[in-house]
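Please look through the sequence and the three-dimensional view before reading the report that follows. The text moves from single residues to the whole chain.

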Amino acid sequence: MFEGCINIEKAPDLPASILIGNCYAGMFYGCKNLSNVTMLATTIGSNTSFSEWLKDVSPTGVFTKSKEMKSLPAGENGIPSGWIIVNDGENFFNSLPVEIRSQFGHNFGEFMVSLNDGSIFDRLG
C-alpha cells in the first residue's frame, strides 16, 4: 500500500482488531523515514500478516499496540528491533495535564522520542 514511500514518517492508524491472511504484508516496505506506527489488532489469524511489512524502515521508532495484544513478532516480519513498544500510548499522553503535554508541543511523537532519548527528564525538570 505505502511500499517505498520515503516521505511518510507516521503511518495512518491501523484500527482493525482481527488480522487475516497477508493483510499487512509489505505495507510499509522501504519507507525509510517511517518511525511511528499504531496497530490496534488484538487477534492475528496468520503468521504471514506481517511479512516484510516494516522492512527497511527507520531503525528506531515507536510502535503503539493495543494493551490486549500480548505478543507480536519482531524483526522485518514484525516490529523492528530498535523500536519502542507502547500500549495505547497516545491515549495515556492525551490524559496527561495540558501543562505537561505542552512541554512536548502537544505532540505524542515528540513525547515518545523524549522517552527514547532520555530528554523527558530535562523537559519535566
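Ala-16 is placed in the segment that comes before strand S1, which covers residues 18–19, in a model that is predicted. With a relative accessible area of 32%, Ala-16 is partly exposed, because that class covers values between the 20% limit for buried and the 50% limit for exposed. When neighbours within four places in sequence are set aside, the contacts of Ala-16 are Tyr-24, Leu-40 and Ala-41.

Gly-105 lies 89 residues from Ala-16 along the chain, and the C-alpha atoms of these two residues are separated by 29 Å.

## Two buried residues

Is Phe-50 buried or exposed? Phe-50 has a relative accessible area of 2%, and it is therefore buried, although its place is in a loop, the one between S3 and S4. Apart from neighbours within four places in sequence, Phe-50 is in contact with Leu-19, Tyr-24, Met-39, Ile-44, Leu-72, Pro-73, Glu-76, Asn-77 and Gly-78. A separate distance concerns Ala-25, which is 25 residues away from Phe-50 in sequence, while the two C-alpha atoms are 4.9 Å apart in space.

Ser-114, by comparison, belongs to helix H3, and its relative accessible area of 1% makes it a buried residue. Not counting residues up to four places away in sequence, Ser-114 touches Phe-104, Ser-119, Ile-120 and Arg-123.

## Salt bridges

Another salt bridge joins Asp-13 and Lys-10, with 3.2 Å between the closest N and O atoms. Asp-13 is partly exposed with a relative accessible area of 43%, and Lys-10 is likewise partly exposed, at 39%. The side chains of Lys-55 and Glu-52 form a salt bridge as well, with an N to O distance of 3.5 Å, and Glu-52 is partly exposed with a relative accessible area of 29%.

## Positive phi angles

Asp-56 is not a glycine, yet its phi is positive, near 60 degrees. Asp-56 is found in the loop between strand S3 (43–44) and strand S4 (61–65), and its relative accessibility of 39% counts as partly exposed.

Where is the place of His-106? His-106 sits in the loop between helix H2 (98–102) and helix H3 (108–117). Although His-106 is not a glycine, it has a positive phi of about 55 degrees, and at 46% relative accessibility it counts as partly exposed.

## The chain as a whole

The protein contains five strands and four helices, and along the sequence they follow the pattern β-β-β-β-β-α-α-α-α. The C-alpha trace spans about 45 × 30 × 20 Å along its principal axes. For 125 residues, a compact globule would have a radius of gyration near 14 Å, and the 15 Å of this protein agrees with that value. Among contacts between residues at least 6 apart in sequence, 59% join residues that are at least 24 apart.

Of the 125 residues, 38% are buried, and Phe-50 and Ser-114 are examples of buried residues. The accessible surface of the protein comes to about 6800 Å², and 52% of this surface belongs to carbon and sulfur atoms. Among the side chains, 8 are positive and 13 are negative, and the centres of these two sets lie 4 Å apart.

Notes. Residues are numbered from 1 along each chain as its sequence is written. This is a predicted model: local features need pLDDT of at least 70, side-chain atom pairs count only at pLDDT 80 or more; totals for chains, interfaces and linings use all residues. Side-chain values use heavy atoms; hydrogens and water are left out. The radius of gyration is taken over C-alpha atoms; the globule rule is 2.2 Å times the number of residues to the power 0.38. Buried means under 20% relative accessible area, exposed over 50%, partly exposed in between (1.4 Å probe, protein chains only). Contact means heavy atoms within 4.5 Å. Accessible areas come from the Shrake-Rupley method with a 1.4 Å probe; for residues, only the protein chains shown count as cover. Lys and Arg count as positive and Asp and Glu as negative; His and the chain ends are not counted. The place of a charge is taken as NZ of Lys, CZ of Arg, CG of Asp or CD of Glu. A salt bridge is a side-chain nitrogen of Lys or Arg within 4 Å of a carboxyl oxygen of Asp or Glu.
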